[in-house]
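I would like to walk you through one structure, and I will ask you to keep it in view while I talk.

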Amino acid sequence: MYSVDNRVLIDDINGCSDTTSEDPILAFIEYASSVLCPLEEQGRLEEEEEEDLGEYRNGPGWNWITSRILKTCISYSSGVTAAILLSELSQAWNEQQRYKVPKKRSECINKLKKKYRRKKLPNTVSIDSIYEKNFLSLSSVLEAVVVDTFLLPGTNIYLLTLGDLWSSNTIDLFLHRRYYNLVNPGNGILKGGREIFLTGCYLRTATEGSGHYRLLPSEYLVILLDEDEDDDAMLLGAQFCSDSFSSISIDAANGGVSYSLFARVESIGILESKGKSGDVQRKQIILVDNDGVKLRFLLWGEQILLANLFSVGSMLALDRPFIASSEDSDVATCEEFCLEYGSATQLYLMPFIQHEEQVTVALTQNVYQGSRLLTTLDPSQGAKVSQVTLPCDSHGSVDFSDYPFRTFVSDLHDKMTGVSLYGVVRDIFRENNTAESIFCLRIEDSTGAICTKLHFAKSWSLGRLGLGHTVYISGLRCFVTKQKLLEVLWFEDEVGGSCINLSCLPGLLNTSCLHKLSCLSDLSTKMQSIYICQVWLDLVEHCQVNTRSSHAICGHFISKTASGPLECNFCHRICEDAEVVRTFHLKINLASNGARVLAWCTGHAASELLQISADEFYNLPEEEQVMYPSSLENETFMVALVNCKRHGVGPGEGYSEENDGVSWEITRALKCE
């Protein structure tokens, strides 16, 4: 834990504001980055040769820090201190780095580490973490290396000693009998130095049996091949090049003929279960062979764990897959048959290797972002650039998930993935020309504005979001359309995708390191998006208090359609009774140091200002409702204000009913004791 003098912290944080447009949240992100990787430490790291990692690392990137800070604020809804945030960041980063440089490894692992270039699978855990947490979930993935194979003394039971590239510990695996033919001492492929992917494992802890951690047998094991190794190239050529998808005959398969197939993984997805399959979970992997022929590889029930071991673009070799008719497999497809994971099937994989691309960052952009990287450059040498190595997928798209700097709207271009933006909502509306749940969000930062399309699996799920709110959105994809237009997409169910509304963070007002107090006279329409002010309620006799029906999912008002049902004005969803809640629509005067501002609010902010819930207010007699606001005259509150005035004209003009021409919205409120 950090021992921190908050006064020192505030001064240090404010010192970062010159490069962050005076946004306190951005200033704290910059400050946290300097704490996690001080300049002197960064200079040392830049001089070291990172042979173990094989990649450039100089502390956490901007996106990682921002995401962690906001998630911590969400977890601590009553507010946090700078010390808590820094402690959480430091602990999470140290935990993440702990497994990247193991203390001691087998020689065969060291050799593999030097040429390791692929990206970790999403569910991968390290062997060290199994020992630390004393736990392993069935869906966890082990990217392991066989260190040794041996027979359990006095039995015919094979065990594999496994290590990985990030751990100093090893762990023994009871090998499933379907793989016993692969550990032949003479020519078995499962021997020291062989890489495997493994999932669906049960952990036998040290308190059971032998007193050692061991993994119980799992059928879900994939053997990795390297075409640069002579033995692997010979295996592929001898066993997997004679058969193709076109050569498969279901009659021959039913007669006992087996096939060995080699294909590229094109896509991995969930298959809807219905008909004969009932409620059994299924996944389908679309495979494409060297002739361009496509075929489905189906996984049923617990077999779907195998999908955790595959990635799009990888090459999959299937030895003796089960050939099933599409009718028997309950698959609606034009193909006569599909592949399944049978009792004799064995899988080999050539993982997709992430290519890397040098992304050049101009000096002006780094200065604009307050990048500490440039402080090590000699200013006398004129214009400079810094280069960052980022992974590139099979389609040529560069992954910016680990990009060390903040990304601005002006940085967006074709073939970018994993992009994050921090900015202000200037417009948002649902597309009405599609049955899918797609929303257009126009987000603006200091370099410009861009429209992003938000794709939801079923319906809007991000809570209340309105004009003028500040958002952090990650997991964006960028590409240029045939019409030469830049399109930016976001998918709710994509790994790494998130959208956080900073203006409505529950603990924002109690987290002093993420805001600074402003006066009402400071309010303007410039880029600073969230103003925190200490105010009192003024001219309450002129305030307007109404109760309205609101959509619980998105927080916006509901109207009755001509045909009768209630429809949300924002997401245009027909609302069921359980989704309808009563809320306030409040317009009230705020005063502070001689300045006065008319603002509006709804939801939690309105209930906090009125010190009563909408349901309780609705149940008051009409006379008491009229008199109630007078009891709040001169009550003091801390409020978060955003400018909700529409910039230009757009399809989302339904907001005019909410703000009713009022330019300022109160997004959070807290009564001062």
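**A pocket, a core and some aromatic pairs**

The residues that line the second largest pocket divide into 15 nonpolar, eight polar and 14 charged. Before I go further, please keep in mind that what you see is a predicted model.

Staying with that second largest pocket, its space comes to about 1,100 Å³, and its lining is made up of 37 residues, with Arg 194, Leu 225, Asp 226, Glu 229 and Asp 232 lying nearest the centre. If you look for the elements that give two or more residues to this lining, you will find helix H6 (107-114) and helix H8 (230-239), and of the elements H8 gives the most, with five residues.

Let me turn now to the nonpolar core. The largest one holds 68 residues, and those that touch the most other members are Leu 162, Leu 287, Phe 297, Phe 310 and Leu 339.

My last topic is the aromatic pairs, of which the structure holds 19. In one of them, the ring centres of Phe 439 and Trp 460 are 4.9 Å apart and the planes stand at 65°, and because planes over 60 degrees apart count as edge-to-face, that is how this pair is classed. The pair links distant parts of the chain, with Phe 439 in strand S19 (residues 437-445) and Trp 460, 21 residues away, in the loop between strand S20 (448-456) and strand S21 (470-480). Are these two residues buried or exposed? Phe 439 has a relative accessibility of 0% and so counts as buried, and Trp 460, at 2%, counts as buried too.

Phe 584 is buried, at a relative accessible area of 0%, and Phe 617 is buried at 4%.

Finally, Phe 439 and Trp 460 also belong to one aromatic cluster, together with Phe 456, Trp 490 and Phe 570.

Definitions and conventions
Residues numbered from 1 in each chain as written. Predicted model: local features only at pLDDT ≥ 70, side-chain atom pairs only at ≥ 80, totals over all residues. Heavy atoms only, no water. Core = buried A, V, L, I, M, F, W, Y, C linked by side-chain atoms within 4.5 Å. Buried < 20%, exposed > 50% of the residue type's maximum accessible area, 1.4 Å probe, protein only. 1 Å grid on protein atoms, 1.4 Å probe; cavity = no way out; pocket = protein on both sides within 12 Å on 5 of 7 lines; lining within 4 Å. Points joined across faces, edges and corners; volume = space filled by probe spheres on them. Helix = DSSP H or I, 4+ residues; strand = E, 2+ residues; numbered from the N terminus. Nonpolar A, V, L, I, M, F, W, Y, C, P; charged D, E, K, R; others polar. Phe/Tyr/Trp six-rings, centres within 6.5 Å; stacked < 30°, edge-to-face > 60°.
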